Amino acid sequence: MKPNTTAKHSSRDINRRDFIKIGSGAVALLAHAPITGNAFAKRRRRRPKPKNIVLIITDQQHMDTIAAGGCRHVRTPALDRLMKSGVSFTQSYSANPLCSPARSAVFTGRTSSECAVHVNGRPIRSDIPNLGQWLSEQTDYETFYAGKWHLPRTYTSDIPGFEVINTGIGGFGYLCDTVMSRACEGFLRNRNRAKPFFLVASFMQPHDICEWLRLNMNNTGKLRYPELAGALPELPNNFDYDRNEPDSIKQRRRGNEPFKGRWDKEHWRYYRWSYYRHIEYVDAEIGRVLQAIEDSGHVDDTLIVMIADHGEGMGHHQMVRKSSFYNESARVPLLFSWPGHVAENKTDTHHVVSGLDITPTLCDYAGIRPPAHMRGVSLRGILEASERLSRDFIVSEVSTNTGRMVRTEDYKYITYKDNLVEQLFDMKTDPGETKNLATLSRNASVLVEHRKLLKEWENQLDVPSNVPNGEVWRHKG
Amino acid sequence: MAKKRTIVGSPLTPALLKELGAVDALPSTSRDFNPADAWVNAYRLWTCHGYRESGNQNVGFLRIERVRDSDAAFTLKVHEEVLQTDAMVGIIDGAISCRNDPLASPIRWNLSSRSIGADGEDIPELRNTNNGVPTKGMDRITGDWCLLEAVQRLAFDKQTSMSFNLLEGMSLSKPDHRLSYGGVHSVNMGAGDTRLHRFVQFGSGILPYEYWLDARHRLLIVTSMNKAYLLDDRAGDIFARDVEQARTSYRKKQSQRK
């Protein structure tokens, strides 16, 4: 396979594979010394470690798109299987509902602003290790990557800390995901079972809905396939939108295809039907990977994690795509499976979790301390022992570091820089986020509390000076 | 300043493919062409990013050869290559034995997939084979490549409609599909109107497929969302040239990094 040429440091003897991974990130990794002989390491050793880890990522997947999770518009046998064999979270949030920023948080456990990935197409700050670099540095897992990366290049054969087995094609998940999953299948079936691996299978779909939007913006008023009329899903209950939203949301809505193309309700429904077909497409490709894990005898030894980078508007609030804090864009599927270890067929509706939790969780499973300054936490206690997480809230960011979302158990608070309009939703009584409570005086104390949480959160961050608006957030509150 | 990009706005059709530069003219079909006999069709795999000015490109090719085994059966020899970023190539090839029925129902298949690296090297760790026969419970199945054959033998008749379960790539099961005749369409390809017959396929796990055939029942174009299969005798040569260009570009990029 094609070796990568990027950063890896090891305190062990450096073999050829290690050597070719040493690069610019090595200095940064040296700052995080390997764990040896301390109490922490002893505690870690007591818990079993999966021989392999497979991280499956989808792109732009709305939370409610899994049949086993209750979606009646799709067939998703692969995701159903994964869901039933493990733990799924219903309150799982993207750390930044945009591709590159979300991925930077997943692969580092640091916020996108800290990673200096505040917009698409930027590399992770060189002194923050990614999961591939960290695992190959600290463990005996060999690290492999297939598919979309986007940090900075969408597809590339050069990813720090990983050996890239398949690159994909930018913007064409409908074609390249099949080639990618076949490469993963070959890898899994040929892999020597004695050698531990960490494989990332990063699918492009259902992101091609972006191409669909561009190819179906016009021609409303007549359905291209009239025979589908009876099969189109209904519009969501929160299809309408608040006319007093923050300006950035209004602008985003106006700039999207449905408003440019003056869609009628039937066209919205056709878009939703089409999006579900994208979901089924990627589900089948995920199924190929799961089948290969099973057929090759890896299933009992492998922790499988599935997450999406961000969600999809799907017509809720008349939004499409991502980059908003509404649940449809910000919430993502998150599934864990490891037979005999992770609880089976469990849906966690209580804990609010984040893409920031992936790195600390995988490090926990790998038996190592995560890199310094994690902003997420390990979910292992929840996955295996029904422990309660002590964390009170999570924070998400939005494109170009212009917005923040604080999600507590009961509320979602949203604020944008240079915008007086704040949003506060009671997520227990109004999960569709249709009533902004921020303007009601009786909620003043809740607002103050959430602003305070945000300020405290911001003050712990290490945001580089070249990231816009870093100062704004440190002082806002 | 960023280049202005115009949203395409409409689904891919033969006329739009012409507008976008994906096809110059439709290939002509020999009078001898018999969809139920031996033939070879080569297609360019073309994709559209949704803008008129950028991101639209050939990314692969597909060659299908029909070999007549008997009155009751035939073999499809399939070879598909897809070019990926940094000059990696995914290849799948092999043969599918089919019944000579309306669905081209698969009897058995022997396929192999492999990956080629940027320097043209085979990557043995990623090789895979898929040899199979329909198993019990696989009712009314056909494959996506089989449909490219079957659709050429269907009658141009409003009554033509088939329901089936799709075995995509002879490996991924996608149930509840329907393929129906969608009428004859006048298509302006720049040199006057051409009449093409259209079949439409719906089903789980796919975006609708549209199959466009000429009057001799030869399949000229297939579109599905942002991808198109374009019949082109030069498809293999064009792909080989694109791969070589991608490798050169990749090597140049690598040397610049060093």
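**Helix 7 of chain A**

I looked up the buried residues of helix 7 of chain A and found A:Leu131, A:Gly132, A:Gln133, A:Trp134, A:Leu135, A:Ser136, A:Glu137 and A:Gln138. I noted the rule beside them: a residue is buried if 20 or more other C-beta atoms lie within 10 Å of its own, exposed if 12 or fewer, and partly exposed in between, with C-beta atoms placed from the backbone. Helices (H or I, at least four residues) and strands (E, at least two) are DSSP runs, numbered from the N terminus. Eight of the eight residues of helix 7 (residues 131–138) are buried, so this helix of chain A is largely enclosed by the rest of the structure.

**What kind of model this is**

I reminded myself that this is a predicted model, in which local features need pLDDT of at least 70 and side-chain atom pairs count only at pLDDT 80 or more, while totals for chains, interfaces and linings use all residues. Residues are numbered from 1 along each chain as its sequence is written, and chains are lettered from A and ligands numbered from 1 in the order in which they are written.

I then checked the confidence scores, where pLDDT is the predictor's confidence in each residue, from 0 to 100. Chain A averages 91, with 90% of its residues scoring at least 70. Over residues 5–37 of chain A, however, the pLDDT is below 50, although this stretch has 62 contacts in the model beyond near neighbours in sequence. Here two residues are in contact if their C-beta atoms, placed from the backbone, lie within 7 Å. For chain B the mean pLDDT is 95, and 99% of the residues reach 70 or more. The model as a whole scores ipTM 0.97 and pTM 0.94.

**Chain A as a whole**

I counted 17 helices and 14 strands in chain A. Its C-alpha atoms fill a box of roughly 65 × 55 × 40 Å, taken along the principal axes. The radius of gyration is taken over C-alpha atoms, and the globule rule is 2.2 Å times the number of residues to the power 0.38. A compact globule of 477 residues would have a radius near 23 Å, and the 22 Å of chain A agrees with that. Buried residues make up 56% of the 477 residues in chain A.

How is chain A divided into domains? The assignment gives domain 1 (16–210 + 268–391) and domain 2 (396–475), and such bounds come from an automatic or database domain assignment. The centres of the two domains of chain A, taken over C-alpha atoms, are 26 Å apart. I found 22 residues of domain 1 in contact with 20 residues of domain 2 in chain A. On the domain 1 side, helix 6 of chain A gives the most, with three residues.

I next looked at the largest nonpolar core, which has 192 residues, and noted that A:Ile56 and A:Cys184 touch the most other members. A nonpolar core is a set of buried Ala, Val, Leu, Ile, Met, Phe, Trp, Tyr and Cys residues joined through C-beta atoms within 7 Å. Helix 12 (residues 265–295) of chain A brings the largest share of this core, 14 residues. Both domain 1 and domain 2 of chain A give residues to the core, so it lies between them. Setting aside neighbours within four places in sequence, A:Cys184 is in contact with A:Ala146, A:Leu199, A:Ala201, A:Val289 and A:Ala292.

**Where the chains meet**

I found 44 residues of chain A in contact with 43 residues of chain B. Helix 8 of chain A gives the most to the side of chain A that touches chain B, with twelve residues.

**Chain B and one of its residues**

Chain B has three helices and 13 strands. Its radius of gyration is 19 Å, close to the 18 Å that the globule rule gives for 258 residues, so chain B is as compact as a globular protein of that length. Of these 258 residues, 42% count as buried.

Is B:Val89 buried or exposed? B:Val89 counts as buried, because it has 20 C-beta neighbours inside 10 Å. B:Val89 lies in strand 4 (residues 89–99) of chain B, and its contacts outside four places in sequence include B:Ile116 and B:Val243.
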